[in-house]
Amino acid sequence: MTQTAPGPGPSPASTPAPADAPADAPRRPHRVHRAWFVAAVAFVTIIGAAAFASLPGLLIEPLHEEFDWSRGTIGLAVSVNLALYGLTAPFAAALMDRFGIRKVVAVALTVIAGGSVATVWMTASWQLILYWGVLVGLGSGSMALAFAATVTNRWFTARRGLVTGILTAAGASGQLVFLPLLAWLVEHHGWRPASVTVSLAALAVVPFVWLLLRDHPADVGLAPYGGTYAAKPAPVPGAARRAVTVLAKAARTGPFWLLAGTFAICGASTNGLVKTHFIPSAHDHGMPVTAAAGLLAVIGVFDVIGTVFSGWLTDRFESRRLLAVYYALRGVSLLFLPMLLAPSVHPPMVFFIVFYGLDWVATVPPTIALCREHYGEDGAIVFGWVLASHQVGAALVAFLGGLARDAFGSYDPVWYASGALCAMAALMAMVIRRRPVPVPVAVPSATG
């Protein structure tokens, strides 16, 4: 007796037939699954939005010189930006479930553009906190890594680690594209043209999002890559309530606090410290701003390599062990950095840049994988809250790093403290328990 294939959905490797085609018309096979095109659009979107992340470290010295604001005050604006970037992420993930990816991301890019261009006319430090801290922070939080996690969870069943690594690397690619340009603009034309450039870059991506991005594979009659067809779920109402409910549920588990703690240290040792304070710290040692910005851009090059490779490793090895190795290596490199800063770029500094760049956000794919492993369908929102801790850690160090420079005349204590924190994060990663894999139970047949 011949059995028919089950399932009401379209084949995952086919496109829907035209509306006027006969019902039994064959479907044309996809040579490349649509999920890869969606991932490509998300990659370009994150690159365009990454311009805003390149600017804070370039603003500290120009704003200090023009307005005589302390580095602590400027660091406070950056810390507000970083904190809101993280605290907005879990709500943005829930809003994407409610209103769709396209609408949320398009609005977020517009808010980033508005906040960035508004800084051109500011005259007081509270305006920097409002425009760059609040508006750009809220917009960028909606474009945070929760966006990458949502796209990956919806469109991919296979190769999730690899795709997460690629989309995470997009932020570093944006830094690579924009940082040298923004540094040149700040050096030769002042910081205002750089702010306008960030605004235009964010706006330029909006048409790509609106015209090319799709919310769910079912929108185009496909299954996720490597998975089976499933109907598009209904919009989830109460986005804010759901985000808080997921947090309350996750907060009762140990893995959440360990992931949040390690990722807070990740943010402290990357966005909060290196991205914000590396350029002024190198400048303190006589290095030109453009040379220091070029080194950060090189970090972006190797970050792409390291993050994509980390995604590949995450598909094959235990995530918590990968995290422990990444944090330990990062801590060692930061302990050596104060001895390497000099007026010119020399081979040991280049080695640090390459080594540190490979580790910059290599922690993201295994962290997302652990959130997915422990929290299932709520994994993207849980990762949003874990990302919030990342940005709170970054915000604290962005602010405290500026205060330390004002108080001690040097960034060295912050570099050493960050290295010690990374060692602590390596130990915390190894404490995360493994989620047991269910073992199928054999059911005896009737004939026994």
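**Exercise 1.** Is Y225 buried, partly exposed or exposed?

*Solution.* Begin with the cut-offs: a residue is buried under 20% relative accessible area, exposed over 50%, and partly exposed in between, with a 1.4 Å probe and protein chains only. The relative accessible area of Y225 is 26%, so Y225 is partly exposed. This is a predicted model, in which local features need pLDDT of at least 70 and side-chain atom pairs count only at pLDDT 80 or more, while totals for chains, interfaces and linings use all residues. Residues are numbered from 1 along each chain as its sequence is written, and side-chain values use heavy atoms, with hydrogens and water left out.

**Exercise 2.** Describe the ring pair of F156 and Y225, and state which parts of the chain this pair ties together.

*Solution.* Rings of Phe, Tyr and Trp (its six-membered ring) pair if their centres lie within 6.5 Å, and planes under 30 degrees apart count as stacked, over 60 as edge-to-face and the rest as tilted. For F156 and Y225 the centres are 5.9 Å apart and the planes stand at 55 degrees, a tilted pair. F156 sits in the loop between α7 (145-155) and α8 (160-189), whereas Y225 sits in the loop between α9 (191-212) and α10 (239-250), so the pair ties together parts that are 69 residues apart in sequence. F156, with a relative accessible area of 0%, is buried. Ring pairs also bring in W36, making a cluster of W36, F156 and Y225.

**Exercise 3.** Check whether the length of helix α4 agrees with its residue count, and find where α4 bends.

*Solution.* Helices (H or I, at least four residues) are DSSP runs, numbered from the N terminus, and the expected span is 1.5 Å times one less than the number of residues. With 29 residues (71-99), α4 should span 42 Å, and its end C-alpha atoms are 40 Å apart, which agrees. The bend at a residue is the angle between axes fitted to the seven residues ending there and the seven starting there; in α4 this comes to about 35 degrees at A89, with the proline P90 following within four residues. After α4 comes G100, whose phi is positive, near 100 degrees.

**Exercise 4.** Decide which end stretches of the model call for caution.

*Solution.* The predictor's confidence in each residue, pLDDT, runs from 0 to 100, and its mean over the protein chain is 80. Over residues 1-29 the pLDDT stays under 50, and over residues 437-448 the pLDDT is below 50 as well. Where pLDDT is low, the predicted coordinates should not be read in detail.

Notes:
Helices (H or I, at least four residues) and strands (E, at least two) are DSSP runs, numbered from the N terminus. Contact means heavy atoms within 4.5 Å.
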